[in-house]
Structure formats: C-alpha cells, structure tokens
Amino acid sequence: MATAKLFSPITLGDVTARNPIVVSPMCQYQSAGGSPTDWHFVHMGRYAVGGAGIVFYEETAVEERGRKTHLCASLHDDSQIAAYRRITELVRSLGSVPAMQLGHSGGRGSERGPLDGRKPLVEADAAVGFEAWQTISSSAVRLRPGAPMPREMTVNDIHDVVRAFANAAVRARRAGFDILEIHGAHGYLIQQFLSPVVNRRSDRYGGSVTNRARFALEVTEAVRDVWPAEKPLFFRVSVVDGKGGLWSLDESISLAKDLRACGVDLIDCSSGGLSAGSTMPPVPRTPAYHVPYARRIKAATGMMTMASGRITTAGQAEGLLRRGDVDLIGMARELMYNSDWPAHAARELGVQGYLDLFPAEYRPRLAARDEQSRMPMNQPGARVPASATEFL
C-alpha cells in the first residue's frame with residue numbers, strides 16, 4: 001500500500017502535514033507557572049520523532065484562573081512565548097506540525113491533579129504555595145460532589161474571557177504554533193455554557209440552544225479575527241454529554257454549522273464531561289467509538305472532522321480514512337504507550353520509505369536492522385538461541 005491514505009500528506013489552509021495522524025492534547029500536570037518545562041520538551045519531541053503528522057500541546061488555559069491545577073498549562077502572558085517557541089521549533093525540526101489547544105476550566109478549576117484524585121484545594125495546599133481560587137462558570141452549579149462552588153459569570157466576566165481567548169491565540173501564533181484548536185468539550189467552560197446540565201442562566205447566554213451557544217460562538221469569532229486566515233482553526237466538541245446528559249448529537253450538528261460560519265475549519269469530535277439524570281446512555285468505549293459522531297457531523301455540515309478514542313491499529317485507521325469517515329486520526333493513549341506507532345504502522349501497511357518518518361540520525365541504523373532481519377538463518381554460524389536465558 002505505497003499510497004496508503006494514512007501516510008499521504010494532508011493540507012489544511014497553508015499548512016501541510018506529512019500524514020493525518022494527530023497526537024491529541026494530553027494534560028501532563030508538569031507546568032511551571034503555566035509554562036513548559038523540560039518534561040514537555042521530551043513529551044512533545046518523542047511524538048515528532050515517531051512520525052506523527054500533527055502534534056498538539058496539552059490543553060492550555062487562556063488565563064490563570066482557567067487552569068485546573070497550579071501545574072496545568074496556560075498562555076496568559078507574553079513572557080511565556082519564548083518557552084513555547086522552544087517546543088514548536090523542536091517539533092517542526094523533526095517533521096511534524098506543532099498545534100495548540102486553548103481552553104478554560106471554568107468550574108473545574110482550583111483542584112489537585114489526577115494523581116491526587118482531583119481533590120479540591122484546601123488550606124494545607126495553601127501552606128505549600130498552592131492556594132485555592134474562586135472558579136467561575138455559566139451558573140453557580142457544582143461540577144461534581146465536593147467540588148468548589150463556582151461563581152456565576154457576569155456579562156463583563158464573559159467579555160473578559162472572550163478577550164483572553166483572543167489574546168492567547170495571538171501568543172500561540174507568536175510562539176510558532178501552526179494549528180489552533182478551541183476546547184469546547186470535556187466539561188470545561190465552553191461546555192458549561194452549552195449544556196443545560198450546568199447553564200441555568202436567564203439572560204441572553206442561557207435558556208435556548210441559540211443562547212447557550214452564544215459564548216462558544218463569541219469566543220470563536222474573537223479567535224478567528226486574530227488567528228491568521230490561512231492557518232487552520234479547529235473546535236473540539238463533546239458531541240453528546242455523559243450518562244444522563246442533556247446535550248445531543250443534533251445540537252452538536254447545529255453548533256458545527258454555526259462554527260463553520262465563524263471560520264472553523266474542522267470539528268474534533270469527542271464526548272462526555274457533564275452528566276445529569278436524563279435517559280441519555282453512556283457512550284460505549286468500543287473501537288473508534290467517536291467516529292460515528294464525526295461521520296454524522298461531516299455528512300450534515302460538509303466540514304472536515306477528526307475523531308479519537310480506541311483507534312489502535314494501522315488497518316483500522318486506514319479504513320476510516322478510505323471510507324471518508326474522518327479526515328484526521330486523533331490518537332493519545334496508544335501513542336503514549338508506543339510513540340513510534342506511525343512508523344510501525346507505515347511498515348505494516350507496506351509503505352515504501354517508512355523509515356523516512358524517523359529523524360535522519362536514526363535511519364542508517366534502522367535500515368541495517370531491517371537488513372539483518374532479512375538475513376537467512378542458514379548462514380555459517382547462525383543459530384537461534386534456545387531461550388532468552390542463554391544470554392544470561
């Protein structure tokens with residue numbers, strides 16, 4: 001399959017990726033004051049080394065109070081740009097396209113990380129420099145039992161956050177990111193406006209679907225105004241809420257049409273984040289479980305789509321692209337487990353020159369490895385060890 005779609009270049013605006021394999025954002029909880037550390041340098045670099053076409057940085061807050069924890073990423077100040085540029089220059093030098101996802105935790109902030117069970121910050125945390133802060137949301141509704149009560153945002157708060165998204169987008173471009181995604185999924189602030197699970201407002205930002213989508217569209221318009229027209233803009237949406245939720249596929253299709261009118265180029269399809277007491281079932285974690293949503297949105301809107309979620313094999317990913325179900329293949333945990341997955345998948349699909357996905361420094365030795373693996377075992381002195389313990 002020398003012409004495998006999984007290993008054909010794809011162009012979005014003036015950005016061309018070497019393949020449609022996307023490293024989805026994965027929060028690392030290793031930031032320092034919101035900025036990248038050496039951990040991020042290694043984390044991002046290993047995916048570019050492995051041959052992915054597009055490498056996303058983790059979900060990054062547009063203001064300090066928009067972080068989930070003190071160790072989460074943010075891009076709220078110009079002084080951070082140089083540290084991010086170090087990341088983008090590395091990713092680009094290794095052949096991948098650097099991408100940024102911007103978001104805001106809203107009522108999901110002021111907590112510890114996943115290794116500490118996402119518990120709310122308390123006085124003991126303040127004693128070691130991790131003070132709690134007042135979170136904000138569409139309404140004063142707890143996101144889960146025991147979570148801090150967020151303050152309902154005023155209209156001025158809404159305008160401030162919209163402006164923060166735009167300012168962060170400018171910084172992202174100055175830092176060298178070529179693709180930008182707005183995070184409207186997974187229970188974060190934009191979804192807290194979209195879904196009536198949290199949004200109980202009675203003003204122009206609450207009530208009807210049109211009103212609840214207003215904040216998402218205002219953010220998108222503000223970002224699109226400052227993000228270069230030739231650079232791709234993605235939007236990640238939880239196509240449906242979690243179990244018992246109140247946001248549906250039909251509403252996501254309507255939102256996607258409005259986002260397209262605002263200049264969004266691609267819908268990144270995910271699910272979950274907010275739950276309630278309706279009859280909406282949980283999303284089953286079957287192979288490629290977000291792809292049916294992406295297929296429906298693509299058919300209904302004509303937009304490009306991406307999906308992640310248990311896409312793990314080369315044949316599976318190739319089939320999704322050949323059927324036109326999605327345009328980009330999002331991957332996270334599988335790449336965390338095996339960051340060289342793209343190169344291995346190319347070899348599995350019979351792509352000629354699959355070693356070109358690796359940096360030039362790797363290729364001679366890997367080519368020699370391939371050559372040695374083809375050597376017949378009947379050469380003089382060749383013998384298969386009886387077991388691994390023979391080497392001990």
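## Barrel

Eight strands close into a barrel in the order β3-β4-β5-β8-β9-β10-β11-β12, with parallel pairing, where two strands pair if DSSP finds at least two bridges between them. From one strand to the next the twist averages 25 degrees. Helices (H or I, at least four residues) and strands (E, at least two) are DSSP runs, numbered from the N terminus.

The model is predicted, and for that reason local features need pLDDT of at least 70 and side-chain atom pairs count only at pLDDT 80 or more, while totals for chains, interfaces and linings use all residues. Residues are numbered from 1 along each chain as its sequence is written, and side-chain values use heavy atoms, with hydrogens and water left out.

Asp268 stands opposite Met306 in β11.

Helix α8 lies across β9 (233-238) and β10, running at about 165 degrees to β9; axes are lines fitted to C-alpha atoms, for helices over the stretch in contact, and angles run from 0 to 180 degrees between N-to-C directions. Contact here means heavy atoms within 4.5 Å.

The axes of α8 (residues 249-261) and helix α9 (residues 291-301) come within 10 Å and cross at roughly 50 degrees, which makes α8 oblique to α9. Angles under 35 degrees count as roughly parallel, over 145 as roughly antiparallel, 65 to 115 as roughly perpendicular and the rest as oblique. Residues making the contact include Leu249, Ile253 and Arg260 of α8 and Tyr293, Ile297 and Thr301 of α9. By class, this contact of α8 with α9 has six nonpolar, two polar and four charged residues, where Ala, Val, Leu, Ile, Met, Phe, Trp, Tyr, Cys and Pro count as nonpolar, Asp, Glu, Lys and Arg as charged, and the others, Gly among them, as polar.

## Helices α1 and α2

Helix α1 (residues 38-49) packs on helix α2 (residues 81-93) at an angle of about 20 degrees, with the axes 9 Å apart, and this makes α1 roughly parallel to α2. Among the residues in contact are Phe41, Met44 and Ala48 of α1 and Ile87, Leu90 and Val91 of α2.

## Aromatic pairs

Rings of Phe, Tyr and Trp (its six-membered ring) pair if their centres lie within 6.5 Å, and planes under 30 degrees apart count as stacked, over 60 as edge-to-face and the rest as tilted; by this rule the count comes to six aromatic pairs. The rings of Phe193 and Tyr205 have centres 6.4 Å apart and planes at 75 degrees, so this pair is edge-to-face.
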